[in-house]
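Biologist: Can you walk me through this one? Keep it brisk, please.
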Amino acid sequence: MQEAKARQIYLVLRDRIVSGAMGFGARLPNENDLALAHGVSRVTVRRALSELQSEHLIERRRSAGTRVVYRAQSARVSADISGVLANLADMGRSTKVQLLSFGYVPANGPAAEALGAGDHELLQRSVRVRSVDGLPFSYLLAHVPERIGVTFTGKELADRPLLDLLERSGVKVERATQRISACLAAPDVARALGVKTGSPLIELVRTVFDRNGRGVEHLHALYRPDRYSFEFDLVRSGGVRKRSWSASPLALRKPARKTKPSTNVAFT
């Protein structure tokens, strides 16, 4: 029970630190105050603080107390969720990619179902990690039908955005379906993103279709929430008695925000 409570306190404090709510140099309350605020013992608080210290997020000194030593090295990557396919290539060029695996596998599972691939078909499977300013923020597992995948190599995928390569192959991208949720980091993903196994991640699953309604890409993307976020603009719509919020149609034409390293939805 104490370990579970210590973990909760650790997660709360860690989120405030990495989000910038408690910036570099900020002092944390003392152990007594933290214990009182969370309704736990000082031993439990001490365990949570030790975990934060082991990650070099805080510094603890007997005479000076506890202060934040975490300093964000780059702005969080932000994406506009409204224009799903807008500016994907531009964002891909603004980041660095590491290709972890590349090859062909039999069509089965969720990716094959989403793409409408038959049992006899093959899918190109790739795993990439994207970074900005040397910091990894996304783990991208992509599947592409073999007929499209054979038009580019692994080296090209490591150097160019996947959307560029799809369009080069002659694909006319028309639309996409997308789901955003949350999940916990598996060991291989945790290593690639530099987080602990079981850490919370943003999960995005997207299927891209061409003008004929055929699936041309299935993406399962995982993002560090401390380095990536989604944004979209809302407008009021509907009648007086049934007014609601909906995504702004102008968002589809929103220009890139030059003050941030990315602009639109989860690029590939």
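Biologist: In which sense do strand 4 and strand 5 pair?
Modeller: Antiparallel: strand 4 (residues 96-106) and strand 5 pair over 10 bridges. Strands are DSSP runs (E, at least two residues), numbered from the N terminus. Two strands pair if DSSP finds at least two bridges between them. This is a predicted model, where local features need pLDDT of at least 70 and side-chain atom pairs count only at pLDDT 80 or more, while totals for chains, interfaces and linings use all residues. Residues are numbered from 1 along each chain as its sequence is written, and side-chain values use heavy atoms, leaving out hydrogens and water.

Biologist: Which residue in strand 5 is the bridge partner of Val-97?
Modeller: Arg-130.

Biologist: And how many bridges join strand 5 and strand 6?
Modeller: There are 10, and this pairing is antiparallel as well. Strand 6 covers residues 135-145. One of its residues, Tyr-139, is the bridge partner of Val-129.

Biologist: What about the hairpin of strand 5 and strand 6?
Modeller: Two residues lie between the strands. Asp-133 takes a positive phi near 55° there.

Biologist: Is strand 5 mostly covered or uncovered?
Modeller: Mostly covered. Of the 11 residues in strand 5 (122-132), nine are buried. Buried means under 20% relative accessible area, exposed over 50%, and partly exposed in between (1.4 Å probe, protein chains only).

Biologist: Where is Leu-122 found, and why does it count as partly exposed?
Modeller: Leu-122 is in strand 5. It counts as partly exposed because its relative accessibility is 30%.

Key
Helix = DSSP H or I, 4+ residues; strand = E, 2+ residues; numbered from the N terminus.
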